[in-house]
Amino acid sequence: MNRYYDFAPSGLSRGWSAFRGWLGGLLDNKPTRVALIAVGIVFVYALPLLNLPVITTSGVDFGGVMFDAAAYALIAVGLNIVIGYAGLLDLGYVGFYAIGAYTTGILTTYHFHWPFLLALPVAIAVTMLSGLILGAPTLRVRGDYLAIVTLGFGEIIRLVIVNTHWLGAAQGIDNIPAPPNIGPNAPGQGGGLFQVPHLSWGTFPNIIDVGHKTPFLKFGPIDAIPFYWMIVTAFFIVIIADILVKNSRVGRAWEATREDEDAAELMGVPTFKFKLLAFALGAAVGGLSGAFYATRNGFISPATFLLLLSELFVAAVIVGGAGNRWGAAFGGVLVAYLPDRFRSFSDWRMLVFGLALMALAIWRPQGIFPPRRTRRALAAEAQIEELEGEAVDV
Amino acid sequence: MSEETTDTRRALLEVDDVTIKFGGLTALDGVTFDIKEGEILGLIGPNGAGKTTCFNVMTGVYQATSGQVRFAGSPLAKMQRHQITKLGIARTFQNIRLFKTMTALENVMVGADAHSKVGVLNALFRTPRHRRTESAAIEEARELLKFVGVGGRADELAANLSYGDQRRLEIARALATKPKLLCLDEPAAGFNPAEKQRLMELIRKVRDRGYTVLLIEHDMRLVMGVTDRIVVLEFGRKIAEGTPAEVRENPAVIAAYLGVEEDDDDAAS
């Protein structure tokens with residue numbers, strides 16, 4: 001028996017499946033489902049205000065960490081289209097992240113002085129275009145070859161930036177403006193239409209911390225929470241788009257291409273076109289995340305967009321479960337959040353992180369949340385294996 | 001099914017003096033035959049005779065070194081594989097190649113999508129066109145699954161279907177592309193006699209629906225029982241062509257394909 005795929009009903013998994021059944025029953029009821037989803041969404045928005053014990057990071061601004069986690073989740077969802085749906089291993093995804101950030105940086109600073117909201121759609125369009133330009137020649141190669149070509153792409157983008165004066169070269173670009181504030185912004189008043197207080201856990205019962213408020217909606221360098229709200233909104237929009245596209249002819253074409261490219265082609269799927277589409281859409285989401293990174297940070301430099309980041313993005317998708325958008329998003333949150341949560345371990349945190357990844361690769365190679373159908377297929381496989389095993393025993 | 005009507009029918013697919021060389025190996029050597037509209041043509045030959053190569057040149061997987069394949073009058077050379085499918089040639093695979101992580105229904109829908117023009121924008125905004133094509137595809141896929149006899153397992157993953165059902169599902173997926181010509185590559189491989197009987201019935205039903213069928217098969221009883229005409233290949237060359245009865249009597253076929261004396265039926269293997 002293969003222990004990875006061991007679906008024998010142990011006590012734990014029986015309890016788990018009972019829980020799933022209960023949850024499934026709950027979700028079958030439409031009003032309940034809508035209510036639960038609404039509660040979940042409100043919770044996600046409120047998370048940085050709640051200052052929950054255990055999960056809140058110590059020593060690092062929790063709002064900032066949450067922004068990073070959401071940015072990584074967004075990236076992972078975008079990369080999941082490429083890796084999880086279309087089955088293309090893209091190791092140069094950081095290139096698109098950089099293109100999104102730099103398009104925003106160039107357009108909003110000394111070259112053009114555009115407002116952020118105008119630069120954002122342009123950044124997305126430029127990244128999408130770069131995805132098409134990169135994909136058109138490279139998607140003709142498959143598998144490992146594609147991985148190597150994309151690996152090169154990620155590095156080329158960074159080197160071009162380093163060596164181009166117009167792009168800020170190695171010094172980078174600073175003073176990237178934030179998105180426009182909403183509401184009055186008089187100095188000394190905190191600004192915004194109204195101010196959202198945080199929750200304090202210092203006393204029992206919890207009290208609302210009136211001394212610590214986040215203005216709605218003021219984008220500044222001190223409080224990252226408005227940026228978090230912005231990127232979470234973008235995340236939900238991307239997720240909805242992802243659901244709509246995946247549950248259509250396009251999603252089927254991607255899956256067929258991933259499963260058997262030749263068979264898909266012979267069933268009338270123009271596989272090249274759909275691979276290119278996956279590449280472009282994935283790139284656009286990466287660019288979106290890059291644009292947010294640029295405006296949140298106010299400063300970008302080529303040193304940020306290292307190849308290592310690409311590998312972290314791929315790790316996020318694989319760890320979370322390639323092919324499952326929620327799994328990928330969770331993986332993104334995890335790879336961004338864990339190193340910050342365990343910052344107190346100082347230099348050891350990367351080791352801990354690496355060990356956690358290895359443990360996952362050994363005990364759960366299909367990811368934390370693999371797509372439901374992968375689970376079904378694995379369960380069936382295990383069942384067959386078991387039957388065959390019995391037959392041999394007899 | 002009399003021979004006179006068969007001969008006057010229009011040729012749907014013409015294989016015209018096709019030669020394919022892989023380096024020094026000549027897989028097909030000047031093969032010429034045609035498939036007439038509405039007939040079931042059997043393509044037989046011993047292992048390595050070039051049957052599957054012939055198949056692959058028809059579906060655009062290989063390019064002919066010389067010669068031409070024409071479908072409904074237009075040459076197929078230089079055409080992309082998915083375009084050939086859209087033109088009206090569909091196929092199944094000798095070694096089953098379903099999309100394993102997709103359900104039976106979705107597998108067939110991929111075939112049905114071949115003529116869909118719905119793109120990412122239609123899907124994103126759930127346009128009426130998207131909804132129309134989607135529900136049409138689902139309906140068509142369900143109907144085809146029922147037609148081939150796996151209607152009850154539409155929502156199972158393809159990987160979880162039994163071997164026979166997987167073979168039938170491949171036929172449904174191919175039919176969903178609305179082909180004029182359906183090419184079956186050893187559809188009875190691994191079947192028991194009862195399943196073979198059912199498959200023969202299915203192939204006849206497919207033909208009765210107006211499809212033309214090209215059948216590659218090892219099982220002589222099945223080929224003899226279901227085809228209108230048979231083309232026999234050996235070592236990449238056509239050695240005989242005719243009705244099952246004619247082919248059965250052909251001394252070249254008996255010598256080359258059926259082997260010596262006793263070994264009169266390959267079905268045993």
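How many residues of domain 1 of chain B are in contact with domain 2 of chain B? Nine residues of domain 1 meet eleven residues of domain 2, where contact requires C-beta atoms, placed from the backbone, within 7 Å. Here are some notes, dear colleague.

1. Ground rules. This is a predicted model, in which local features need pLDDT of at least 70, side-chain atom pairs count only at pLDDT 80 or more, and totals for chains, interfaces and linings use all residues. Residues are numbered from 1 along each chain as its sequence is written, while chains are lettered from A and ligands numbered from 1 in the order in which they are written.

2. Domains of chain B. Chain B is divided into domain 1 (1–88 + 179–269) and domain 2 (100–178), with bounds from an automatic or database domain assignment. Taken over C-alpha atoms, the centres of the two domains are 27 Å apart. On the side of domain 1 that touches domain 2, helix 3 (81–87) and helix 8 (193–208) of chain B each supply at least two residues. Helices (H or I, at least four residues) and strands (E, at least two) are DSSP runs, numbered from the N terminus. That side of domain 1 divides into five nonpolar, two polar and two charged residues; Ala, Val, Leu, Ile, Met, Phe, Trp, Tyr, Cys and Pro count as nonpolar, Asp, Glu, Lys and Arg as charged, and the others, Gly among them, as polar.

3. Overall build of chain B. Chain B holds eleven helices and ten strands. Along the principal axes, the C-alpha atoms fill a box of roughly 65 × 40 × 40 Å. Buried residues account for 43% of the chain. A residue is buried if 20 or more other C-beta atoms, placed from the backbone, lie within 10 Å of its own, exposed if 12 or fewer, and partly exposed in between.

4. A sheet in chain B. Four strands form an open sheet in the order 2-1-4-5, with antiparallel pairing. Strand 2 (25–36) and strand 5 (74–75) stand at the edges with a single partner strand each, so one side of each has no neighbour in the sheet. Strand 4 (residues 66–71) pairs with strand 5 over two bridges, and pairing requires at least two bridges found by DSSP. Arg70(B) has Pro75(B) in strand 5 as its bridge partner.

5. Where the chains meet. The contact takes 26 residues from chain A and 30 residues from chain B. On the chain A side, helix 8 gives the most, with seven residues. The residues of that side comprise 15 nonpolar, three polar and eight charged.

6. Helix 12 of chain A. Twelve of the 17 residues are buried, among them Phe330(A) and Leu334(A). The buried residues pack against helix 3 (62–85), helix 7 and helix 11 (307–320) of chain A.

7. Ala169(A) has a positive phi near 50 degrees and is partly exposed, with 14 other C-beta atoms within 10 Å. Glu186(B) has a positive phi near 45 degrees, but counts as buried with 20 C-beta neighbours inside 10 Å. Most residues other than glycine have a negative phi.

Definitions and conventions:
Two residues are in contact if their C-beta atoms, placed from the backbone, lie within 7 Å.
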